[in-house]
Amino acid sequence: MAKKIYDSMAMKRALTRMTYEIIEKNKGINNLVLIGIKTRGIYLAKRIAARLKQLEGATVPVGELDISLYRDDLHVAGSEEPVVKSSQLAFDITDKHVILVDDVLFTGRTIRAALDALMDQGRPKKINLAVLVDRGHRELPIRADFVGKNIPTSLDEQIAVYVEEIDGKDGIDLKNLTE
């Protein structure tokens, strides 16, 4: 059975708070780009960009990053290679301040893969990480700079993030995998 952690309003407030933190930490939005990790990170990045435009009056570029080829846990000997979707960066990230956006931070392996993928696209001046949920259980020394909600979990639990664009609703649920 799933337990609702955040409804759509709580999720909107968390993204707004993260947006203010991004502005404050960066002293504005100069030289800033947002890159969402497929799939839900893209929609969260677009929402943050829309809020940045409302608050700062300027458009921040948003790119999409597919990390399938960079995942160390998706390549199994004898299996098919992962399906690669396109990474859409219509801008150069060299010397830019990149905010990498994802929905859930867990072991850190997705972010490690995203950093590798980013470096193949250019050499950013700085990279920060924004995640809607940090659930702990890191396997790599990676931490988020901007966090919507820290939700300590057990390994028997799973975080489900829903976004309107894909799921028809916004919210965050905690699911127990043993039930």
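Buried means under 20% relative accessible area, exposed over 50%, and partly exposed in between (1.4 Å probe, protein chains only). This is a predicted model: local features need pLDDT of at least 70, side-chain atom pairs count only at pLDDT 80 or more, and totals for chains, interfaces and linings use all residues. Residues are numbered from 1 along each chain as its sequence is written, and side-chain values use heavy atoms, with hydrogens and water left out.

**Salt bridges**

Here a salt bridge is a side-chain nitrogen of Lys or Arg within 4 Å of a carboxyl oxygen of Asp or Glu. The count comes to 12.

Select R112 and D116. Their closest N and O atoms are 2.4 Å apart. Both sit in helix α3 (residues 109-121), four residues apart, so about one helical turn separates them. D116 is partly exposed at 34% relative accessible area; R112 is partly exposed at 22%.

Go to R47 and E165. This salt bridge spans 2.7 Å, N to O. It ties helix α2 to helix α4 (residues 164-167), across 118 residues. E165 is partly exposed at 41%.

Next, E64 and K38, bridged at 3.9 Å, N to O. E64 lies in strand β3 (residues 62-65), K38 in the loop between β2 (32-37) and α2 (40-56). E64 is buried at 15%, while K38 is partly exposed at 23%.

**A buried loop residue**

Pick T153, in the loop between β6 (146-150) and β7 (157-162). T153 is buried, at 11% relative accessibility. Beyond its neighbours within four places in sequence, T153 contacts (heavy atoms within 4.5 Å) R135, H137, I159 and L174.

Terms used: Helix = DSSP H or I, 4+ residues; strand = E, 2+ residues; numbered from the N terminus.
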